[in-house]
Amino acid sequence: MIKSLMIGFIFLSGSLFASESVYSSSVKDIFTSPDGKRSEGRLLPTSEVKILEKKDGKVKVEIEGFMKDGVSSAVYFTTGKRILTAGLSKKAKFDIRTISTSKDKDGVEWSKVVLTAYTTDDNLTKDLSSLYKSAEAMYKDNCSICHPAHPNNEYTSNQWPSMIKSMSNRTAMTKEDVYLVTQFLQKHSKDIGEK
Ligand code: HEC
């Protein structure tokens, strides 16, 4: 019943056009070349990507995000928060362009980057609000069985992941569901509060 929600987000590739922004509706493997077979990184659900090219079921995309000084394997949604946009394998040599750098309140340097990658053209949607609605329904279905679902703005984006981690094994959620719900809660948390 919960998994069936995800099926609604497998969009037809025909609806994608070059140079438009779309959002991943699942965890997606990313590659440094169009013919890459072994995963070189993973894009997290609800992450925005810009499509540059589309060919043979693959898309070349740009992923904008923030990288923390000294951490080469993670692209984050924003500075100073543990909201992951993409995880990169240590050996993969992605084309990463730095746009600007800044320091957070703890003096840690962050770079705003644009990473170029390839991925399959499935599980990408223009409709972020429907994706969030599906994630919210999944959260409420699974996390209000024993206690009322905790409001998304009760915790900060850095607090939610450990809460979900400690609770998700009490539910029937798959790993994939957990990734989506975690992103939803982090991006609607006390300190982020996306609409
Ligand atoms: C099988 C019952 C059950 C389910 C399902 C469940 N919880 Fe809980 N939850 C509890 C209990 C019992 C507590 C009280 C503290 C404890 O036992 O850890 C709790 C406490 C919490 C707290 C408060 C923790 C604190 O430190 O005050 C949060 C937040 C929470 N749950 C979130 C969730 C989320 C998110 C989910 C879904 C992924 C979920 N729960 C699913 C039983 C459940």
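Visitor: What pLDDT does the chain average?

Guide: This is a predicted model, and the chain averages a pLDDT of 91. A score of at least 70 is reached by 90% of the residues.

Visitor: Where is the pLDDT below 50?

Guide: Over residues 7-14. In the model that stretch has 13 contacts beyond near neighbours in sequence. Where pLDDT is low, the predicted coordinates should not be read in detail.

Visitor: How many helices and strands does the chain have?

Guide: Four helices and ten strands. Starting at the N terminus, the order of elements is α-β-β-β-β-β-β-β-β-β-β-α-α-α.

Visitor: What share of the residues is buried?

Guide: Of the 195 residues in the chain, 30% are buried. As for contacts between residues at least 6 apart in sequence, 64% of them join residues at least 24 apart.

Visitor: On to the helices. At what angle do helix 2 and helix 4 pack?

Guide: Helix 2, residues 128-143, packs against helix 4, residues 175-187, at about 110°, and their axes are 9 Å apart. Angles of 65 to 115 degrees count as roughly perpendicular, so helix 2 is roughly perpendicular to helix 4.

Visitor: Which residues make the contact?

Guide: Helix 2 contributes Tyr132, Ala135, Glu136, Met138 and Tyr139. From helix 4 come Asp177, Leu180, Val181, Phe184 and Leu185. By class, the contact has eight nonpolar and two charged residues, with no polar ones.

Visitor: Now the ligand. Which residues surround it?

Guide: The ligand is surrounded by Asn142, Cys143, Ile145, Cys146, His147, His150, Met163, Ile164, Met167, Ser168, Arg170 and Thr171. Helix 2 and helix 3, residues 160-168, are the elements that give two or more residues to this shell.

Visitor: Which helix gives the most?

Guide: Helix 3, with four residues.

Visitor: And how do the shell residues divide by class?

Guide: Six are nonpolar, five polar and one charged.

Visitor: Over to the strands. Is leucine 88 buried or exposed?

Guide: Leucine 88, in strand 7 (residues 84-88), counts as buried because it has 22 C-beta neighbours inside 10 Å.

Visitor: What does leucine 88 touch?

Guide: Gly41, Ser73, Ala74, Val75 and Phe94, not counting residues up to four places away in sequence. The C-alpha atoms of leucine 88 and isoleucine 30 are 8.5 Å apart, while the two residues are 58 apart in sequence.

Visitor: Where is isoleucine 96, and what is it in contact with?

Guide: Isoleucine 96 is in strand 8, residues 95-103. Apart from neighbours within four places in sequence, isoleucine 96 is in contact with Val113 and Leu115. It counts as partly exposed, with 17 C-beta neighbours inside 10 Å. From C-alpha to C-alpha, isoleucine 96 is 9.5 Å from glutamate 62, a residue 34 places apart from it in sequence.

Visitor: Is lysine 55 buried or exposed?

Guide: Exposed, because lysine 55 has 10 C-beta neighbours inside 10 Å. It belongs to strand 4, residues 48-55. Lysine 55 and threonine 120 are 65 residues apart along the chain, and their C-alpha atoms are separated by 9.6 Å.

Visitor: Backbone next. What is phi of threonine 46?

Guide: Near 75°, a positive value in a residue other than glycine. Most residues other than glycine have a negative phi. Threonine 46 sits in the loop between strand 3 (41-43) and strand 4, and it is buried, with 25 other C-beta atoms within 10 Å.

Visitor: What about phi of asparagine 123?

Guide: Asparagine 123 is not a glycine either, and its phi is positive, at about 50°. Asparagine 123 is in the loop between strand 9 (109-120) and strand 10 (124-125). With 19 other C-beta atoms within 10 Å, asparagine 123 is partly exposed.

Key:
Residues are numbered from 1 along each chain as its sequence is written. This is a predicted model: local features need pLDDT of at least 70, side-chain atom pairs count only at pLDDT 80 or more; totals for chains, interfaces and linings use all residues. Axes are lines fitted to C-alpha atoms, for helices over the stretch in contact, and angles run from 0 to 180 degrees between N-to-C directions. Angles under 35 degrees count as roughly parallel, over 145 as roughly antiparallel, 65 to 115 as roughly perpendicular and the rest as oblique. Two residues are in contact if their C-beta atoms, placed from the backbone, lie within 7 Å. Ala, Val, Leu, Ile, Met, Phe, Trp, Tyr, Cys and Pro count as nonpolar, Asp, Glu, Lys and Arg as charged, and the others, Gly among them, as polar. A residue is near a molecule or strand if its C-beta atom, placed from the backbone, lies within 6 Å of it. pLDDT is the predictor's confidence in each residue, from 0 to 100. A residue is buried if 20 or more other C-beta atoms lie within 10 Å of its own, exposed if 12 or fewer, and partly exposed in between; C-beta atoms are placed from the backbone.
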